[in-house]
Amino acid sequence: MEFIQVAFVLVAALCAIYYSGQGPSLLRKCNEILTGKAGCAPVGDVDFVTLHYFAGRGRGEPIRMLLEEAGIPYNQTNFTKDTWPEAKAAGIKSGYYTYGQVPAIVTSSGFHVAQSQAVLHYLGRAAGMDCDCDLMHQCEVVALGVEDVRSKLSKMLYDPEFSLDMRDDYLQNVAPVWLGYLEKIAPNVQAKNAGFFGGNRVTWVDFLVFDVLENNVEFGMYDVGRPLVPVLDQFPRLQSFYNVFKSRPRIADYLKSKKRAEYKLYKMPKGASTQTKAQ
C-alpha cells in the first residue's frame with residue numbers, strides 16, 4: 001500500500017511539473033547534474049578528433065572553431081584535388097562518408113559522423129554547447145536559416161559565369177535581404193539573458209552564424225577592383241554579435257593563428273582587375 005501511495009505521489013508531482021510548463025527546466029537541471037554539461041542532450045566527452053576535410057576553410061571552418069573553443073585536440077586530413085578521389089572511395093567503403101561527402105569526423109574511440117551540421121551539433125553536445133530543450137526549435141530555425149544564407153553566396157561563387165556584376169548585385173541586393181532576416185532574430189549582446197543565438201551562452205549554432213557572417217564580411221572586403229562593401233554596417237545586432245564572438249580568447253587566438261587557412265575566392269569574377277584582399 002505504501003508503495004502505491006508513493007507511486008501515486010510521484011506521478012501526481014510529475015503531472016504537476018509537466019502541466020506547469022517547468023518540465024524542460026527540470027530536465028535541463030537533471031542533465032546538468034548527471035553529466036556536468038549544459039544543453040538538452042549531452043553526450044560523453046570527446047578526447048581526440050580527426051577532421052576529414054579539405055585544406056581550405058569551407059564547411060569545415062565552424063567545426064574547427066568549435067573544437068578550438070572547446071579545447072578538443074584534433075588533426076586534419078587536408079585533402080587536395082589529387083588526394084580526394086581515392087580518399088572519397090575509401091571513406092564511402094568504410095562508412096565514414098555517408099553521402100560520399102565531407103566534412104566528417106572520426107573520434108579516438110572510433111565514433112564517426114558526417115555532414116557539417118550533424119558534426120557540429122554532435123561536438124556541441126559533447127562540449128556542453130547544445131541548446132536547451134525549450135530553445136531547440138529556435139536553434140533549428142537559426143541553423144537552417146544560416147544554410148539558406150550560405151547557399152546564396154555559394155551558388156554565385158561557384159557559378160561558371162561569376163562576374164563583377166553578379167558580385168555587385170549580391171552585395172547590394174541579395175546579402176542585405178538575407179542578412180536582414182538574421183538581424184531580426186539576432187541577440188541583443190547587451191541583454192543579460194540573450195547574448196547569443198541559442199540563449200544566454202554559446203551553443204553550436206553560434207559557430208554557424210559567425211562563419212556565414214565572416215564569409216560575407218570577407219567577400220565584401222575582397223579587392224576585385226570595385227568599391228569595398230562593409231556588409232554588416234547596416235545590421236547593428238549582427239555587427240555586435242560578430243565583434244563579441246571573434247573576441248572570445250580562444251576564437252581570437254585561432255583567427256590570427258598560422259594554422260588557419262587564408263580566405264580565398266574559388267575563382268575571381270570575370271573582369272576583376274586584382275586578386276588581393278583589402279587589409
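Q: Is Phe111 buried, partly exposed or exposed?
A: In this predicted model, the relative accessibility of Phe111 is 35%. Buried means under 20% and exposed means over 50%. Phe111 therefore counts as partly exposed.

Q: Is Tyr122 buried or exposed?
A: Tyr122 has a relative accessibility of 15%. The cut-off for buried is under 20%, so Tyr122 counts as buried.

Q: How many aromatic pairs does a search of the whole structure find, and is the pair of Phe111 and Tyr122 stacked or edge-to-face?
A: The search finds 16 aromatic pairs. In the pair of Phe111 and Tyr122, the ring centres are 4.4 Å apart and the planes stand at 25°. Planes under 30 degrees apart count as stacked, so this pair is stacked.

Q: How many residues apart in sequence are the parts that Phe111 and Tyr122 tie together?
A: Phe111 lies in the loop between strand S3 (104-107) and strand S4 (112-114). Tyr122 belongs to helix H5. The parts tied together are 11 residues apart.

Q: Is the pair of Tyr222 and Tyr263 stacked or edge-to-face?
A: The distance is 5.8 Å centre to centre, with 65° between the planes. An angle over 60 degrees counts as edge-to-face. The pair of Tyr222 and Tyr263 is therefore edge-to-face.

Q: Which elements give two or more residues to the lining of the largest cavity?
A: The largest cavity has a volume of about 120 Å³. Its lining divides into 6 nonpolar, 2 polar and 4 charged residues. The elements that give two or more of the lining residues are helix H3 (61-70), helix H5 (116-126), helix H6 (136-157) and helix H8 (204-220).

Technical notes: Residues numbered from 1 in each chain as written. Predicted model: local features only at pLDDT ≥ 70, side-chain atom pairs only at ≥ 80, totals over all residues. Heavy atoms only, no water. 1 Å grid on protein atoms, 1.4 Å probe; cavity = no way out; pocket = protein on both sides within 12 Å on 5 of 7 lines; lining within 4 Å. Points joined across faces, edges and corners; volume = space filled by probe spheres on them. Helix = DSSP H or I, 4+ residues; strand = E, 2+ residues; numbered from the N terminus. Nonpolar A, V, L, I, M, F, W, Y, C, P; charged D, E, K, R; others polar. Phe/Tyr/Trp six-rings, centres within 6.5 Å; stacked < 30°, edge-to-face > 60°. Buried < 20%, exposed > 50% of the residue type's maximum accessible area, 1.4 Å probe, protein only.
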